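I opened the coordinates and kept a notebook of what I looked up. The entries follow in the order I made them.

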Amino acid sequence: MRDAERFLMPLAARGLLTVEKLRAITGSSALDALHYETLRLLAALYSKKKPTVLAGFFFPVEMLHAHGMTPMFGEFVASALASTGLEKNALGVVDGEGFPVESCTFHRAAMAAFLKGYLPSLDAVAATTHLCDTQCKALEEVAARLGVPFIVLDVPQEDTPEARVYLERQIEGADAVLSALSGKKLGRDDWERVFGFSNAARDVMVRLNQLRAAAPAGVCGKDVSTALIQAQLMLGLPQLPRLLEYLAEEIHRASLQGNTGRVGFRLVWLLTFPYFKGNFVPFMERTLNLWPVLDELTHVFWDPLDPQRPYESLAVKMLQNPGLGPVDRRLRMVECMVRSARPDGVVHFSHWGCRQGQGGVRAVAELLERFGVPFLDLDGDCIDSRSYAEGPTRTRLEGFVELLKRRSGKVRKTSLSSDGLFAGIDIGSMTAKAVVVDSQGRMVAHVMNATGASARRAAASLEGFLHEVSRRYGSVRRCVATGYGRKVVDFADEQITEITCHARGMWHLFPDVRTIIDIGGQDTKAIAVNDKGEVENFLMNDKCAAGTGRFLELMARALEMDIEDLSDLGAGASRAVPISSVCSVFAESEVVSHIAEGHPVEAICRGICESVAERTAALLKKVGRRPVVAMTGGVAKNAGVVKALERRLGGRIATAPEPQIIGALGAALLARDGA
Amino acid sequence: MKNHLWHGHVFQSHDSRTAPVVGWLCSATPEELLLAAGFLPQRLYGFEARGEESEAVLPTTFCAYVHGVLQAALTGAFRHMAAVVVVNSCDAMRRLADVWERHVKAPPVYRLDFPFATGPAAESYWVDVLRRLAAYLEGLSGRPMTEADLRHGVAILNETRRRVRALDAVRSLPKPRISGTDYAHWLVKAFVDDKKRFLAESAALCASEENREDESWDESGTPPRLVLGGCAADAPMLVRLVESCGTRVVADTLCTGTRHFDTLTSETGDPLRAVARRYLNRAPCARRVEAMGFVEHIRAVVRRTQADGVVFPTLKFCDMVRWRLPRLSAVMEQENIPFLHVERDGSAASWGQMETRVQAFVEMIHARGDPATGAGKETHAGR
């Protein structure tokens with residue numbers, strides 16, 4: 001262990017502490033004050049004046065405060081690492097030790113903090129078994145390596161009388177272990193004091209959530225959520241209720257000042273927030289005006305604690321957690337938050353590795369569809385900045401904003417006069433396209449180039465094309481840019497995501513289309529549209545490349561052929577050698593073994609096409625497939641995939657004659673619509 | 001008699017004249033209770049293939065076992081069953097139960113809450129949980145479960161365990177009559193077939209083995225003796241692959257293998273409590289709060305069988321087992337036990353890759369055992 005690094009975390013904590021102290025004194029913002037208190041606990045962990053315990057987020061922290069100990073959640077250590085940018089290097093060490101890269105980074109980063117020597121010596125480690133398998137496993141390993149007592153509360157899945165007794169007895173046992181460390185035997189006074197503060201804080205939290213639910217967009221966002229998540233480490237401390245009161249007053253005042261002039265959207269946020277340095281939340285809140293007003297982790301689900309029955313009431317609090325047991329309990333919480341906040345939309349931030357959260361996404365989506373609330377399942381990672389894909393994340397969020405705008409009628413309507421020409425520019429990951437339409441929406445000209453290494457250069461070349469068109473056919477009145485490179489098209493009047501553009505373009509060609517599949521180089525989209533060609537709902541593939549054009553490209557490379565040949569051979573083959581792996585790396589090795597086993601190449605090609613079709617069909621099922629189904633994007637030219645998909649869906653799929661320019665066509669038509 | 005060929009070697013026989021079937025997934029499911037209630041317990045065994053249906057309702061980041069079972073369930077493979085018991089084994093299984101309730105029409109799923117911890121409090125809770133399972137099964141079968149029924153169930157299960165362990169002992173002999181692959185087929189029978197039929201069919205083999213004389217170890221030219229560990233998996237497929245690389249799988253620590261049959265249920269005292277204790281106090285799986293117990297069990301099996309190494313295939317996205325891996329591989333290294341970890345993604349995927357790795361592992365073991373290299377077997381911790 002490098003000694004210099006050993007001091008990094010405490011130093012970072014102290015440094016942040018000083019900054020926050022100044023801010024807390026000068027700015028007197030309740031958010032700063034709450035953040036300062038959290039950092040004070042982090043610093044106390046290093047100063048070691050009191051016994052210290054590293055715990056899982058769901059551990060009853062009141063009991064640790066009652067013993068006069070300094071608690072710290074492993075998850076907070078992880079977010080501290082992430083917010084300072086230290087997580088990248090540290091996670092590399094955990095991965096190198098052989099811990100699973102597929103599991104939650106909150107817990108991998110806590111383990112990383114230990115392995116890198118960022119953690120101080122601790123007196124105990126405490127975990128619970130509910131909601132998250134990895135929490136308990138990771139903390140057990142940290143405790144074993146530190147050689148300190150490991151306290152674990154096994155939380156049953158159902159709140160039954162027997163479950164309460166079981167948990168109560170365990171909490172009693174944990175109290176005895178803590179007594180041995182603190183030298184303190186808890187009496188009635190201790191419980192009354194700590195539960196008194198915890199209950200007072202809980203009361204303010206309930207009020208705060210009502211204020212958040214009622215506040216206009218722009219008043220409450222991730223900062224408030226984070227402060228309230230941090231507050232859960234302080235449940236039972238005397239200063240917490242007062243600080244929360246200040247926060248409530250601030251939110252109340254800000255809400256009275258009314259609309260901040262922002263026309264924003266209010267969200268209910270499910271699971272948790274990204275904490276890595278340079279995450280997308282500032283962009284989401286300030287640029288896109290999407291404000292998470294309520295969130296899952298700050299929902300007050302528990303009843304006040306009763307000092308007369310301390311163990312039992314802590315047990316009940318844990319058993320009331322909506323994440324326990326069947327997903328129906330979680331759905332009831334979502335319903336409660338949606339009813340109270342009446343949000344414009346709900347976002348589920350599907351933190352990579354959180355199986356508890358991700359496994360419930362389908363059920364959440366179905367619930368919100370029943371309620372008619374727009375829903376976005378956003379893939380990402382809260383801690384690991386290396387997993388952040390900026391472009392795809394922004395596209396999903398912007399696509400969601402376009403959907404919300406349309407629903408709220410905040411989209412400009414078509415004007416009567418739409419004379420002249422209109423251009424759409426689509427800068428994709430592989431190709432850059434431009435389409436020009438006239439006032440009737442008829443295509444006047446189009447062009448397609450390779451994007452190459454520079455999206456900016458590709459855009460400049462398309463600008464030249466537009467000048468050429470203007471010279472020949474008349475001036476281009478409006479231009480809309482789309483695709484991953486849409487941001488660099490500075491001559492465009494507007495940027496719109498490829499989701500909305502593909503929907504518009506396909507609806508123009510096929511007015512009966514209701515479900516659109518767009519398989520491009522980077523991702524696969526399933527888009528549901530209404531009878532006006534407007535996006536009703538959309539889904540995109542997760543981070544994994546399986547089922548995308550990229551996957552086909554990798555497989556074609558393994559077979560040492562072009563994608564076109566793969567497509568033709570796949571379309572012509574009478575049987576398929578199945579490729580069952582979802583992971584491109586595994587799939588590539590599968591293809592290699594099939595070759596080695598002497599399977600005919602065309603059967604392998606068909607297997608590859610079937611594999612893409614299977615993943616696409618699954619995505620279509622999720623979005624809710626309604627006829628007519630049409631396909632766009634580069635892969636629509638791949639006859640092998642289209643045929644395989646038609647076999648799976650048991651019906652015809654309409655494909656555009658030039659599927660690669662549909663995004664640009666849609667953009668041009670939207671330029672005309674918005675004129 | 002109708003035989004359905006569901007998947008590979010795993011066949012299920014279902015006959016309307018025999019008892020209705022209750023399916024189960026996790027090794028913590030007390031089969032005694034299912035038998036006592038008059039059901040035929042049948043493990044959902046050997047389903048590892050992801051599919052379009054399962055991918056539509058559960059994220060890709062769930063293991064191939066959960067996806068495979070779900071895919072089979074969504075396409076009606078378990079329709080003939082009266083119910084399926086899903087244990088609160090891990091996040092993936094809990095979410096599988098949710099999806100099952102919402103998207104699989106039949107059979108219904110029963111959630112069984114098996115504790116992570118041990119000790120008296122866990123035992124009392126677990127007894128209560130089993131009492132509720134018994135009541136559910138009584139409702140399902142429409143007849144009460146008597147103490148005699150339960151004792152009968154315990155007796156059959158214990159006999160099955162003794163038989164599986166006898167077969168396990170046979171395959172671990174220096175010159176066994178059955179290979180690890182043969183043994184794995186018997187295992188599957190014990191998991192999915194009628195226990196009585198399994199006992200009747202395997203009786204002859206065990207009787208003939210009892211008359212065999214002890215053989216001495218003859219190390220020259222014997223294939224490497226390996227222990228198979230890892231995640232819940234299709235044991236016959238894995239054993240066949242590992243043995244096809246010129247090895248013998250002499251033991252396993254799989255919950256879908258021998259470990260499921262490891263401990264007997266006491267036949268004295270309150271039978272329900274005896275059943276509860278049996279499931280709580282056996283060799284811990286990776287899920288239980290007892291990291292060293294999991295590692296110890298594997299080390300003990302290697303010692304007992306004098307094996308030359310351990311092959312440990314895990315399933316991608318299995319947090320439980322994967323978090324134990326660094327500790328396990330450290331102990332194996334400490335003990336000088338050759339250890340191979342391979343990551344898999346389901347039944348059909350990446351066999352070629354795995355085969356190459358196992359072969360390289362075998363070559364490595366041979367090199368270790370070759371006197372010319374100076375690393376003789378006498379230095380081997382397993383010997």
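**Entry 1**

I started at one strand pair and found A:I516 standing opposite A:I527 in β15(A). I note here that the model is a predicted one. The two strands involved are β14 (residues 515-519) and β15 (residues 524-529) of chain A, which run antiparallel and are joined by five bridges.

I then asked which strands make up the sheet and in what order they lie. The sheet of chain A is open, has five strands in the order β16-β15-β14-β17-β18, and is mixed in its pairing. I looked up the edges as well: β16 (535-540) and β18 (654-655) of chain A each pair on one side only.

**Entry 2: a parallel sheet in chain B**

I moved to chain B and listed an open sheet of four strands, β8-β7-β9-β10, with parallel pairing. β8 (248-252) and β10 (339-344) of chain B each have a single partner strand, so one side of each is left without a neighbour in the sheet. From one strand to the next, I get an average twist of 30 degrees.

Strand β7 (residues 225-228) of chain B runs parallel to β8(B), and four bridges join them. Within that pair, B:R225 is opposite B:R248 in β8(B). I also looked for a helix on this sheet: α11(B) packs on it and touches β7, β8 and β9 (309-315) of chain B. The direction of α11(B) makes about 155 degrees with that of β7(B).

**Entry 3: a crossover in chain B**

I looked at another parallel pair, β3 (residues 21-24) and β4 (residues 40-43) of chain B, which has four bridges. Here B:V21 faces B:L40 in β4(B). What is the handedness of the β-α-β crossover from β3(B) to β4(B)? I followed the chain from β3(B) through helix α1 (residues 31-36) of chain B to β4(B), and the crossover is right-handed.

**Entry 4: two helix pairs in chain B**

I computed the packing of helix α11 (residues 291-305) of chain B against α12(B): the angle is about 40 degrees and the axes are 10 Å apart. The two helices are therefore oblique to each other. Their crossing is right-handed. On the α11(B) side I list B:A291, B:F294, B:V295, B:I298 and B:R299, and on the α12(B) side B:R324, B:R327, B:L328 and B:V331. By class, this contact of α11(B) with α12(B) has six nonpolar, no polar and three charged residues.

The second pair is helix α6 (residues 147-171) and helix α7 (residues 180-192) of chain B, whose axes come within 10 Å and cross at roughly 170 degrees. That makes α6(B) roughly antiparallel to α7(B). I wrote down B:T160, B:V164, B:L167, B:D168 and B:R171 from α6(B), which meet B:G180, B:Y183, B:W186, B:L187 and B:A190 of α7(B). The residues of the contact of α6(B) with α7(B) are six nonpolar, two polar and two charged.

**Entry 5: the contact between the chains**

How many residues does each chain give to the contact? I count 55 residues from chain A and 48 residues from chain B. On the side of chain B that touches chain A, the elements giving two or more residues are α2 (52-57), α4 (91-103), α5 (120-141), α12 (319-334) and α13 (351-369) of chain B. Of these, α12(B) gives the largest share, eight residues. I sorted that side of chain B by class and got 24 nonpolar, nine polar and 15 charged residues.

**Entry 6: backbone exceptions**

Most residues other than glycine have a negative phi, and most peptide bonds are trans. Where are the exceptions I noted?

- A:P627 and A:V628 are joined by a cis peptide bond with omega about 0 degrees; A:V628 sits in the loop between α24 (601-623) and β17 (629-632) of chain A.
- B:A106 and B:P107 are also joined by a cis peptide bond, with omega about -5 degrees; B:P107 sits in the loop between α4 and β6 (109-112) of chain B.
- B:Q306, a residue other than glycine, has a positive phi near 50 degrees; B:Q306 lies in the loop between α11 and β9 of chain B.

How values were computed
Residues are numbered from 1 along each chain as its sequence is written. Chains are lettered from A and ligands numbered from 1 in the order in which they are written. This is a predicted model: local features need pLDDT of at least 70, side-chain atom pairs count only at pLDDT 80 or more; totals for chains, interfaces and linings use all residues. Two residues are in contact if their C-beta atoms, placed from the backbone, lie within 7 Å. Ala, Val, Leu, Ile, Met, Phe, Trp, Tyr, Cys and Pro count as nonpolar, Asp, Glu, Lys and Arg as charged, and the others, Gly among them, as polar. Two strands pair if DSSP finds at least two bridges between them. A crossover is right-handed if, with the strands pointing away from the viewer, the path from the first strand over the helix to the second runs clockwise. Axes are lines fitted to C-alpha atoms, for helices over the stretch in contact, and angles run from 0 to 180 degrees between N-to-C directions. Angles under 35 degrees count as roughly parallel, over 145 as roughly antiparallel, 65 to 115 as roughly perpendicular and the rest as oblique. A crossing is left-handed if the near helix is turned anticlockwise from the far one by less than a right angle, and right-handed if clockwise.
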